[in-house]
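Dear colleague,

Here is the structure I promised to pass on to you. Please open it alongside this message, and my notes follow below it.

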Amino acid sequence: MNEEDVIKKTAEFVKKRLGKEVTGHDWWHAYRVWKMALRIAKEEGDVDLFVVQLAALLHDIEDWKFCKGDTTLGSKIAEEWLRKL
């Protein structure tokens with residue numbers, strides 16, 4: 001699978017996972033963060049755009065603020081997702 005496909009599938013995963021989130025950390029928040037991170041990374045240059053995009057898309061997956069303070073759950077889910085791809 002190429003990087004473009006990984007980004008597309010990750011965006012779909014995040015949209016499905018955060019689509020009904022009511023705290024403000026929904027798909028549209030993740031989308032805005034993704035696009036802004038990509039814009040900044042391009043302006044800065046010498047940046048791995050693939051990594052930046054994945055980090056931006058996955059940044060609120062099971063955020064600790066909404067998971068009873070569990071700071072490990074989000075990274076576990078993100079890792080499982082990326083390994084699956």
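Predicted model: local features only at pLDDT ≥ 70, side-chain atom pairs only at ≥ 80, totals over all residues.

Residues are numbered from 1 along each chain as its sequence is written, and side-chain values use heavy atoms, with hydrogens and water left out.

Helix α1 (residues 3-18) and helix α3 (residues 49-58) have axes that come within 10 Å and cross at roughly 5 degrees (axes are lines fitted to C-alpha atoms, for helices over the stretch in contact, and angles run from 0 to 180 degrees between N-to-C directions; helices are DSSP runs of H or I, at least four residues, numbered from the N terminus). That angle makes α1 roughly parallel to α3, a term used for angles under 35 degrees. Among the residues that meet, α1 contributes Val-6, Ile-7 and Phe-13, and α3 contributes Phe-50 and Leu-54, where contact means heavy atoms within 4.5 Å.

The packing of α1 with helix α2 (residues 27-44) has an angle of about 150 degrees, with the axes 8 Å apart. Here Ile-7, Ala-11, Val-14, Lys-15 and Leu-18 of α1 touch Trp-27, Ala-30 and Trp-34 of α2.

Asp-60 lies in the loop between α3 and α4 (73-84) and is buried, with a relative accessible area of 5% (buried means under 20%, with a 1.4 Å probe and protein chains only). Leaving aside neighbours within four places in sequence, Asp-60 is in contact with Leu-18, His-25 and His-29.

Best regards

How values were computed. Helix = DSSP H or I, 4+ residues; strand = E, 2+ residues; numbered from the N terminus. Parallel < 35°, antiparallel > 145°, perpendicular 65-115°, else oblique. Buried < 20%, exposed > 50% of the residue type's maximum accessible area, 1.4 Å probe, protein only.
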